[in-house]
Structure formats: C-alpha cells, structure tokens
Amino acid sequence: MAAPPPDARSLESELVSLRPVGSDAIVLRLRLPGSVPLLRAGRFFMLRRPDRLSPPIPRPFSLYRQEGSELEFLIKVIGPGTRALAATPPGQPLTVIGPLGRGWPTLDDASPWVAVAGGIGSAPFYEGIRQSLAGMDGAAPVSPRSWTLIYGGREEGMLYDLECFEELGVRVLPATDDGSRGFHGNAIDCLRAEWGAGRLPLRPRLLGCGPEPMMIALAALARDQDLECHLSLETYMGCGVGICNGCAVPTTPEGPLGAWPVAKCCTDGPVFPADAIRLEP
Amino acid sequence: MVDLSVSLAGLPLANPILSASGTFGHGLEMEGFVPPQALGAWVSKTVTLKPRPGNPMPRIAETRAGFLNSIGLENRGVDAYIEETLPRLAERGARVITNVGGEEVDDFARVTERLTERPEIDAFEVNLSCPNVSGGRLPFSTDPEVAERVLRAVKGVTDKPVLAKLSPNVTRIGEIAQGAEAGGADGLTAVNTVLGLGVDWRTRRPLLNTVVGGYSGSAIHPIALRCAWECLQATGLPVVGCGGIGGPEEALAFLCLGCHAVQVGTASFSDPSLLAGLAARVGALLEELGVETLEEYRGSFQVPQPAPLAARS
Ligand SMILES: Cc1cc2nc3c(=O)[nH]c(=O)nc-3n(C[C@H](O)[C@H](O)[C@H](O)COP(=O)(O)OP(=O)(O)OC[C@H]3O[C@@H](n4cnc5c(N)ncnc54)[C@H](O)[C@@H]3O)c2cc1C
Ligand SMILES: Cc1cc2nc3c(=O)[nH]c(=O)nc-3n(C[C@H](O)[C@H](O)[C@H](O)COP(=O)(O)O)c2cc1C
Ligand code: FES
C-alpha cells in the first residue's frame with residue numbers, strides 16, 4: 001500500500017524571493033510556517049499558486065537547498081506551471097505539498113560517489129552533497145575528496161548555479177554540448193573520458209538525475225561495470241502522493257521492487273536503485 | 001451548525017462528502033491529509049478478482065480545463081485487498097465503500113462474495129464502466145440489460161447496500177439507471193469519467209498511451225449534473241453526484257438537485273487535503289442560506305415552469 005510519507009502536508013507557504021539563474025531557470029525561495037526539521041536530500045515538493053494563474057495540477061520539484069524553514073527550488077521555466085511560479089511576486093502565498101518521496105540513500109563514505117547531473121537534474125544534488133559532507137543518518141562526515149559532480153548542460157547557461165556547487169568544495173566537472181564551458185560533450189561522455197584517463201575512482205558509486213537518454217546510458221554503464229547506481233527520476237506526476245496511479249515506473253522482475261510490474265515514482269521513488277527499474281520502453 | 005447527516009441507501013453518513021473511486025487510494029492511505037472521520041465515506045479504488053498491472057505510460061495528462069487518464073484499473077486484486085488493505089481499516093471509525101470491477105458479469109459477484117462478510121466494508125459500489133470482455137469490450141454501463149444482470153448478480157451475494165456507478169458515455173443514462181434499479185441497486189453514482197482524447201500537436205502523438213481515456217475535473221461538472229438529474233428523474237433511487245467538484249459550490253449543486261451525497265475525485269490531486277474541510281465549507285454555505293439541515297435543502301431545486309409567451313397583437 002503506497003501511502004504518502006507521514007510527514008507530508010498540504011501547506012500555505014510564502015514566496016520569499018526569486019533569483020534568475022542561467023539562461024532559463026530560477027531559484028525560488030519560500031518560507032514554510034513553523035519550524036522545519038532537516039529534510040532528506042532527494043525528496044520533493046509539489047508547488048502551485050493558489051490563485052487561478054497556476055494550472056490545477058501542482059508540479060513536482062526537488063528540494064534544492066534548505067535553510068531552516070526556508071526552502072529553495074531550482075526550477076527550469078518550460079511551460080505553464082513553471083511560468084506561473086516564475087511570475088509570482090515575493091510575499092505571495094504558494095501552495096506546497098510535501099515533503100514527498102524517499103530521497104537519496106545514505107550518502108556515506110564506504111566508497112566514493114560520482115554524481116552525474118544533466119541540466120536541471122543538478123537540483124537534488126546540492127543538498128545531497130551538503131548532507132553527505134555533514135554526515136547523513138549518523139554516518140561519519142564524508143570528505144569532499146570522495147565526491148565528484150559531473151555537471152552537463154547544452155551550453156554554459158544551462159549549468160545552473162554552477163558556482164554554488166563549486167563552493168561545496170567537491171570536485172565539479174562541467175561539460176557542455178557546445179564546449180562553451182568545461183568538457184566538450186555530454187555528461188556521460190565526460191564520465192567515460194575521465195574514467196578512461198584514470199581521473200575517477202576505480203569503483204565509484206553512481207548517482208544520476210537528468211534527461212532520459214542520460215539516465216538510460218548511466219544505468220547501462222552501471223550494469224556493464226557492475227557499479228551501484230541510484231537514479232532520481234522526473235516522471236510526469238498527477239498528484240505526488242500516490243493516489244492517481246499516473247507515475248508508474250516499470251520494475252525489473254528480479255529487482256527489489258519486482259513483486260509488482262510497476263512502482264510509483266512519487267511514493268516508491270523518486271530515487272530508485274538503477275537495477276530495480278526499467279527505463280527503456 | 002447545520003446538520004449534514006444523511007442516510008444513503010440505508011447507510012447513515014455523518015456528512016455527504018465522499019472520495020471518488022481511484023482518486024484517493026484503496027484504504028486510508030490519505031489519513032495524513034484527511035482524518036478518517038472527516039468523510040461521509042471512503043470509496044476504494046476499483047478492486048478486481050485478479051491483479052491488474054494497468055496500462056503503459058503515459059497514463060495521465062492535464063489539459064486546459066480537465067484531466068485525462070487511462071490507468072487501466074491497476075490494482076493488486078481482491079486477495080491483496082483482503083490481506084493488505086482491509087486489516088488497516090479496522091477500528092478507524094471510517095465508513096468504507098468498496099468499489100468492485102470485473103471483465104465478466106460473474107466477476108463482479110465473485111469479488112463481492114469474497115468481501116461481503118468483511119465488517120470493515122459498509123457498502124459496495126459497482127464500476128459499470130469496466131469493459132465487458134464477452135460483450136465486445138463495450139462497458140457494462142452501455143446496455144440497461146447488461147447493467148441489470150451485473151446488479152442482480154452482485155445483489156445475489158450481498159445484503160449490504162450496492163451503488164451502481166454509471167458512465168456518462170451513453171445516449172440516455174436514465175435507461176441504464178432503470179436497468180440498474182431493476183437489477184436491485186440500492187443507489188446510483190453519477191458519473192464516471194467522460195471519454196476524451198488529447199493530442200500533442202508538436203510530437204503528433206496522443207497524450208495517453210491508450211489514445212482515448214477518461215476525462216474528469218472541472219470541465220465535466222455540468223455534464224455530471226445533467227447525468228445526475230436524469231438519474232433522479234428516471235428512478236426512485238438515491239443518487240451520489242460525482243464529477244468536477246472543486247469546492248463546496250459544486251457539491252451543493254448536486255445536493256440541490258436532490259443527490260444524497262457527492263464524490264470528489266480529480267480535485268484531490270490539486271490539494272490532497274481539500275476533503276478534510278469540504279463538509280464544513282458546505283455547512284457554512286448552507287448556514288448563509290439560513291438552512292438548518294441538509295435534508296431540508298436537498299432536492300430544493302426550482303425548475304422554471306414554462307410560461308406561455310404573451311401573444312402579440
Ligand atoms: C520528483 C521530480 C522532481 C523534479 N524536480 C525538478 C526540479 O528540481 N527542477 C525543475 O525545473 N524540474 C523538476 N522536475 C520536472 C518538473 O516537474 C517539470 O519540468 C514541470 O512539471 C513542468 O511543468 P510546466 O507546467 O512548466 O510544463 P509542462 O507544460 O507540464 O511541460 C512542458 C513540457 O515538458 C514535458 N514535461 C513536463 N513534465 C515533465 C517531466 N516531469 N518529465 C519530462 N517531461 C516533462 C511536457 O510533456 C511538455 O512537453 C521534477 C520532476 C519530478 C517528477
Ligand atoms: C486517475 C483516475 C482514476 C480513476 N479510477 C477509477 C476507478 O478505479 N474506478 C472508478 O469507478 N472510477 C475511477 N475514476 C473516476 C472517478 O471516480 C470519478 O468518477 C471521475 O473522475 C469524475 O469525478 P471528478 O471530476 O471529481 O474527478 C478515476 C478517475 C481518475 C481521474
Ligand atoms: S503522481 Fe499520482 S500516484 Fe504518483
């Protein structure tokens with residue numbers, strides 16, 4: 001029975017600020033009422049304006065950064081839902097449903113992590129790396145040297161908030177399709193090149209979030225090399241809380257979710273072990 | 001405070017607000033958002049005899065005025081419902097209506113038979129919009145005689161109240177309602193989703209994998225009201241109005257027509273805690289009207305009498 005997380009609520013929050021980043025994104029900062037415990041990185045919220053300017057169905061966004069009861073979301077503006085959010089004046093209320101989903105596994109220091117972000121897929125990694133460096137779930141703080149973030153985008157303007165990631169002190173490898181910044185090529189090409197050149201740990205654990213072709217390639221690479229890999233999916237969602245059955249992700253029969261042919265991205269994910277799900281149709 | 005209690009087909013409900021099948025979980029998964037007692041009754045997602053994995057993605061799409069879905073009745077079957085869902089419903093103080101489906105007339109009776117003794121279940125709702133495998137996959141809801149057979153089969157195995165949930169995708173819904181009444185239905189739910197289709201003009205692909213799916217949400221409210229109205233006129237059965245309710249006003253529209261209760265589906269996707277406060281908001285609006293009991297308001301719809309036009313000289 002896929003129930004929403006017990007701490008999830010439907011709340012009215014206040015928009016604190018909007019900051020444009022890169023060529024087509026914003027960092028939206030809002031304040032939740034009351035005090036908010038530390039939220040696990042990789043979890044997400046459904047957001048919408050309570051007025052008629054947002055589409056009726058709220059949109060899912062990963063928690064980008066938390067400072068107490070103020071939460072930030074890194075949002076690529078692409079359609080009516082994100083446009084309505086981007087046009088909200090500070091001080092206005094926003095409807096927030098969450099925190100939702102399960103988030104990243106414990107990002108401990110048992111072996112090094114290589115995170116692969118494609119464009120806006122970087123959003124869940126900021127808080128993930130930050131929490132890992134601070135020590136997650138009682139695990140020891142992870143050294144920044146155990147982290148590599150490969151951050152790919154079409155062009156430099158799509159490496160959103162790159163400096164903030166660099167300020168975390170971990171190794172950040174930018175990659176752009178047009179070569180405008182860092183490696184010339186996509187994030188997966190960059191991963192292969194770095195690995196081939198011996199500049200990555202031999203047996204890293206992989207994390208991925210980004211466009212579907214990138215996720216498919218990363219999962220294939222993890223399978224071929226027999227590496228642990230967790231993917232944060234951005235499946236189209238109708239509710240975020242497990243009641244619409246619209247966010248089905250096919251499962252692998254032999255995997256940990258194999259008892260049923262599909263998992264729910266919203267309540268079983270959005271982070272899945274790569275070998276638990278089937279990405280290709 | 002306005003007395004919102006209502007008796008639906010012999011079932012006393014604290015208020016007329018119900019969840020709609022397939023939009024609020026199987027049991028009380030949503031109790032973190034809506035306290036069990038806040039709803040007149042919790043309606044389960046359709047339970048079928050065998051597990052059903054559902055349709056391939058994409059299964060849902062939002063359109064400008066509504067919501068398209070083709071979930072394909074994904075559910076783990078009646079055995080899992082008995083083992084996993086029902087035990088969690090015990091002693092929660094919630095009224096439960098279990099929605100049942102099937103591919104053959106007999107399936108409906110077999111699912112109901114498995115469940116009828118369960119004390120957690122107060123009533124059944126029969127999802128007649130399921131495709132009838134022996135009837136060219138036309139839904140059971142499209143033929144009054146087939147609807148009658150399904151209801152007779154279900155009523156043959158349970159003494160609990162049974163609601164027949166009708167589809168709006170017919171020419172004369174009143175005739176289907178009469179078929180369900182003849183089969184022994186204790187009440188009607190009007191309606192399920194309206195058939196629809198969405199096109200992504202850019203990719204030239206349908207929005208749903210199944211091409212055609214069920215349309216719900218605000219846009220279907222007037223259609224649902226019209227269907228409920230025809231059901232009320234065609235039979236003497238209590239009717240549960242369903243379709244496009246987003247707030248207390250749309251709920252009151254159904255109640256004004258004479259519906260005993262209402263169900264809310266798609267609007268819970270916009271706000272999963274909407275149902276927690278909806279009954280109170282219905283009560284507040286009735287209070288504004290100076291109404292003391294829901295029963296006094298229910299069915300107070302005033303139909304204009306056609307007055308003859310004044311003759312012109
Ligand atoms: C768990 C989760 C976390 C997410 N985190 C973020 C985040 O941190 N930052 C961010 O910018 N976005 C994130 N997304 C994606 C974001 O939800 C969508 O971009 C947003 O819903 C688009 O809404 P819209 O109304 O602006 O555009 P729409 O009109 O809904 O979409 C515009 C176009 O994008 C396509 N599309 C819409 N949603 C998705 C999707 N989820 N996956 C693939 N294609 C889609 C549509 O088919 C359409 O072609 C996340 C999604 C999920 C499921
Ligand atoms: C995603 C989704 C799933 C549904 N699943 C079922 C179902 O399993 N059984 C059923 O009888 N009706 C199902 N329905 C129909 C609803 O119960 C309801 O009749 C319809 O959506 C109209 O109400 P609304 O406009 O308030 O959503 C579903 C509707 C949606 C949107
Ligand atoms: S988004 Fe509705 S069930 Fe997952």
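Trainee: Is A:Ile78 buried or exposed?
Mentor: A:Ile78 is exposed, because its relative accessible area is 65%, and the cut-off for that word is over 50%. Please keep in mind that this is a predicted model.

Trainee: Where is A:Ile78 found in chain A?
Mentor: A:Ile78 sits in a loop of chain A, between strand 6 (70-76) and helix 1 (80-86).

Trainee: And how many residues apart in sequence are A:Ile78 and A:Ala25?
Mentor: They are 53 residues apart in sequence. In space, the distance from C-alpha to C-alpha is 8.8 Å.

Trainee: Let us turn to chain B. Is B:Ser19 buried or exposed?
Mentor: B:Ser19 counts as buried, because its relative accessibility is 1% and the word applies under 20%. This residue belongs to strand 3 of chain B, which covers residues 17-19.

Trainee: Which residues is B:Ser19 in contact with, leaving aside its neighbours within four places in sequence?
Mentor: The residues in contact with B:Ser19 are B:Phe24, B:Leu39, B:Ala41, B:Trp42, B:Val43, B:Gln263, B:Val264 and B:Leu275, once neighbours within four places in sequence are left aside. For B:Val43 there is a further detail: its backbone nitrogen is 3.0 Å from a polar atom of the B:Ser19 side chain.

Trainee: Which residues are buried in helix 2 of chain B?
Mentor: In helix 2 (residues 105-115) of chain B, the buried residues are B:Val105, B:Asp107, B:Phe108, B:Ala109, B:Val111, B:Thr112 and B:Leu115.

Trainee: Now the interface. How many residues does the contact take from chain A and from chain B?
Mentor: Chain A gives 29 residues to the contact, and chain B gives 29 residues. About 2500 Å² is buried between the two chains, with 65% of it on carbon and sulfur atoms.

Trainee: Which residue forms a salt bridge with A:Arg59?
Mentor: B:Glu62 forms that salt bridge, and the closest N and O atoms of the pair are 2.8 Å apart. The count between chain A and chain B is 1 salt bridge. On the side of chain A that touches chain B, there are 21 nonpolar, 5 polar and 3 charged residues.

Trainee: How many residue pairs are in polar contact across the interface of chain A and chain B?
Mentor: There are 9 residue pairs in polar contact across the interface, both residues of each pair being at pLDDT 80 or more.

Trainee: What about the ligands? Which residues come nearest to ligand 1?
Mentor: Ligand 1 has 21 residues around it, and those that come nearest are A:Pro60, A:Leu74, A:Lys76, A:Gly81 and A:Thr82. A polar backbone atom of A:Pro60 is 2.6 Å from an oxygen atom of ligand 1. The side chain of A:Arg59 has an N or O atom 2.8 Å from an oxygen atom of ligand 1. A nitrogen atom of ligand 1 lies 3.0 Å from a polar backbone atom of A:Ser62.

Trainee: Why is the site of ligand 2 shared between chains?
Mentor: The site is shared because residues from chains A and B surround ligand 2. There are 26 residues around ligand 2, and the closest are B:Ser21, B:Thr46, B:Lys165, B:Gly244 and B:Thr266.

Trainee: Which polar side-chain atom lies 2.7 Å from an oxygen atom of ligand 2?
Mentor: That atom belongs to B:Lys165. A polar backbone atom of B:Gly244 is also 2.7 Å from an oxygen atom of ligand 2, and for a polar side-chain atom of B:Lys45 the distance to an oxygen atom of ligand 2 is 3.3 Å.

Terms used. Residues numbered from 1 in each chain as written. Chains lettered and ligands numbered in written order. Predicted model: local features only at pLDDT ≥ 70, side-chain atom pairs only at ≥ 80, totals over all residues. Heavy atoms only, no water. Helix = DSSP H or I, 4+ residues; strand = E, 2+ residues; numbered from the N terminus. Buried < 20%, exposed > 50% of the residue type's maximum accessible area, 1.4 Å probe, protein only. Polar contact = N/O pair within 3.5 Å; in protein donor to acceptor, adjacent residues only side chain to side chain. Contact = heavy atoms within 4.5 Å. Buried area = accessible area lost by both parts, 1.4 Å probe. Salt bridge = Lys/Arg side-chain N within 4 Å of Asp/Glu carboxyl O. Nonpolar A, V, L, I, M, F, W, Y, C, P; charged D, E, K, R; others polar. Near = heavy atom within 4 Å.
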